[in-house]
Amino acid sequence: MLKESLFRFPKSLKRNNFHYCPGCHHSLVHRMLCEVIDELNLRERAISIASIGCACFIYNYIDVDMVEAPHGRSCSAGTGIKRARPDLIVFTYQGDGDFAAIGLGDSLHAASRGERITAIMINNTVYGMTGGQASPTTIIGQKTTTTHLGRKPEEQGYPLKVAEILSNFEGVAYAARVAVNNPKRVMETKKALTKAFLAQLEDKGFGYVEVLSACPINWKMDPVSATKYVDKLTKIFPLGVFRETF
Amino acid sequence: MTNRVLIKGVEAVALGSLEGGCECYFGYPITPQNEIPEIMSVELPKRGGAFVQAESETSAINMVLGASAVGKRAMTSSSSPGISLMSEGFSYLIALELPCVIVNVMRGGPGLGGIEASQGDYFQAVKAPGHGDGRFLVLAPASCQEAYELTAKAFELADRYRNPVMILMDAILGQMKESTVLKKLNIKSISKDDWALTGAKGRGSRIIKSLFLDSAELAERNLKLKKKYEQMEKEVRFESNLDGSEEVLVCAFGSMGRIAKESVLKLREKGYRVGYFRPITIFPFPKKALSSILEKNNSLKQILVVELNCGQMVEDVMVSVCGKAEVISKFYPPSVLPFPEDIEREVKKCLRKVYFVSPKV
């Protein structure tokens with residue numbers, strides 16, 4: 001007989017029902033994040049920043065102190081927190097619109113300064129909460145509510161590859177892109193999240209994890225097809241560790 | 001021994017903030033207030049505080065938001081265009097009830113304008129610092145000494161009301177050197193134990209948020225903030241020079257108040273019945289003080305409002321006197337700086353009206 005149960009509910013995960021759409025990957029990432037917070041024993045000294053987007057309700061699910069920041073400003077708010085209280089562990093949880101469109105300046109400068117914070121970017125290639133408009137990471141040919149004929153490079157340019165950009169930043173201690181569309185990748189995500197927190201805990205630099213994530217509703221797909229579609233995204237946004245200095 | 005120094009207004013602000021217990025400063029360069037970040041970059045690290053030169057004003061105000069959320073006394077400073085960039089952050093700070101101090105050393109506008117002295121941001125500061133229904137407590141110093149003392153006090157007021165406090169001043173005061181006594185001020189520290197984010201140790205997690213999708217909850221939030229603005233009435237400050245026999249009252253704030261005061265004193269020496277009123281808090285505006293001056297003085301028929309803009313504070317004066325006196329706006333756009341004699345002439349024009357035109361009913 002097993003001495004301990006195989007399923008454990010993470011201590012940092014609040015027992016609230018997720019509001020996310022069926023097949024959305026936010027809830028999976030939330031759970032992995034909570035497991036990492038528990039394992040690194042961070043709950044009592046972690047501060048998170050709730051960004052603008054579907055995950056602005058992250059405070060309903062993750063049981064750590066949270067403050068809301070304006071759209072795109074999480075890395076700046078995180079900088080303020082960390083500089084004011086270096087003993088606290090700071091993480092942001094942002095979408096591709098928040099981190100890489102409106103907040104790109106804040107994000108890149110925080111990374112460049114080597115702020116000891118951990119940034120998690122959920123890349124689902126669209127603005128989810130506002131109804132599926134094109135984002136900086138929308139792929140070529142992808143139809144969105146603002147690219148009806150598909151994203152054309154000559155009109156909307158090319159998808160922004162943030163993990164690759166950050167790989168050249170001296171202030172960045174860890175930058176990885178992961179996905180959660182199969183069990184192996186879920187476990188890799190957990191490893192990446194752990195490493196991104198260690199970058200902060202060991203005072204090495206900015207930690208970044210980009211998670212390719214499904215948005216079935218705005219992709220106009222059922223959850224299973226959306227999960228498979230993430231494989232297609234990995235051809236444009238390859239998974240892997242792009243920078244690791246420790 | 002008094003610690004008397006000859007310093008600029010912006011230097012007085014920086015030193016005042018340290019006296020007020022400022023622990024974190026975040027800012028972005030803009031003339032005419034660059035001495036503030038320069039001083040803070042030297043002084044804060046010495047004191048174990050934090051200084052970051054942000055990549056933009058937008059970023060700076062959100063760094064303030066972060067530092068304030070974890071319970072630190074935080075400040076930023078800028079000048080008009082930079083202040084506009086911060087306004088989304090201002091709205092969040094008000095909504096999240098995060099205390100902080102914001103200094104606006106105004107320059108001429110609109111647009112890029114110039115670095116002339118101006119009071120053009122009055123409306124922005126007192127009516128709508130950001131979107132939504134939020135207000136700042138706004139203090140308008142008129143001397144380097146006052147800039148020092150009010151900046152220090154601003155930290156206590158911000159903490160007391162859990163609301164941003166703005167120091168609104170102009171380039172004249174910012175760049176003018178005056179003898180200033182760096183007094184020890186009794187600035188109170190106010191406990192933030194019941195709300196600051198410190199890590200959920202031995203308690204449930206705390207959430208500081210401004211998103212309320214439930215309309216009743218949002219209405220309640222707004223009413224709570226409104227109540228706070230009403231409580232701020234206790235902080236109303238003003239300077240006046242009156243003897244109850246005035247026929248004309250000159251009303252001005254900040255640097256313009258200094259020029260107006262000089263002209264009023266000269267006129268009084270010559271026997272003119274003229275008084276002087278300078279709001280120091282411009283939000284809350286000293287409405288009750290103004291209306292009670294009118295109630296006590298039947299001979300007071302006109303209020304001359306002098307400003308370095310195209311007429312903004314005059315609207316608050318009109319609301320305060322509620323038709324009980326004639327309110328006249330004498331406005332000077334940026335770069336048209338009046339001499340005391342110019343204001344004297346305006347006062348005399350008012351007095352002629354009092355004597356020769358049939359009084360308003």
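Of the 246 residues in chain A, 56% count as buried, where buried means 20 or more other C-beta atoms within 10 Å of the residue's own, exposed means 12 or fewer, partly exposed is in between, and C-beta atoms are placed from the backbone. This is a predicted model, in which local features need pLDDT of at least 70 and side-chain atom pairs count only at pLDDT 80 or more, while totals for chains, interfaces and linings use all residues. Residues are numbered from 1 along each chain as its sequence is written, with chains lettered from A and ligands numbered from 1 in the order in which they are written.

Chain A contains nine helices and nine strands; helices (H or I, at least four residues) and strands (E, at least two) are DSSP runs, numbered from the N terminus. The C-alpha trace of chain A spans about 50 × 50 × 30 Å along its principal axes. Among contacts in chain A between residues at least 6 apart in sequence, 67% join residues at least 24 apart, a contact being two C-beta atoms, placed from the backbone, within 7 Å.

I turn to the interface. Here 30 residues of chain A are in contact with 34 residues of chain B. On the chain A side, β1 (46–50), β2 (65–68), α2 (74–84) and α4 each give two or more residues, and α2(A) has the largest share, with eight. By class, this side of chain A has 14 nonpolar, six polar and 10 charged residues. Ala, Val, Leu, Ile, Met, Phe, Trp, Tyr, Cys and Pro count as nonpolar, Asp, Glu, Lys and Arg as charged, and the others, Gly among them, as polar.

A:Gly105 lies in helix α4 (residues 104–112) of chain A. Is A:Gly105 buried or partly exposed? With 17 other C-beta atoms within 10 Å, A:Gly105 is partly exposed. Leaving out residues up to four places away in sequence, A:Gly105 touches B:Glu55, B:Ser56 and B:Ser59.

Chain B is assigned domain 1 (4–192 + 208–234) and domain 2 (239–356), with bounds from an automatic or database domain assignment. The C-alpha centres of these two domains of chain B lie 27 Å apart. Their contact takes 25 residues from domain 1 and 21 residues from domain 2.

Finally, the largest nonpolar core has 188 residues; such a core is a set of buried Ala, Val, Leu, Ile, Met, Phe, Trp, Tyr and Cys residues joined through C-beta atoms within 7 Å. Residues with the most contacts inside the core include A:Tyr208, B:Val101 and B:Ile167. Helix α6 (residues 144–161) of chain B gives the core its largest share, 10 residues. Both domains of chain B give residues to this core, so it lies between them. Leaving aside neighbours within four places in sequence, B:Val101 is in contact with residues including B:Ser17, B:Met75, B:Phe155 and B:Ile167.
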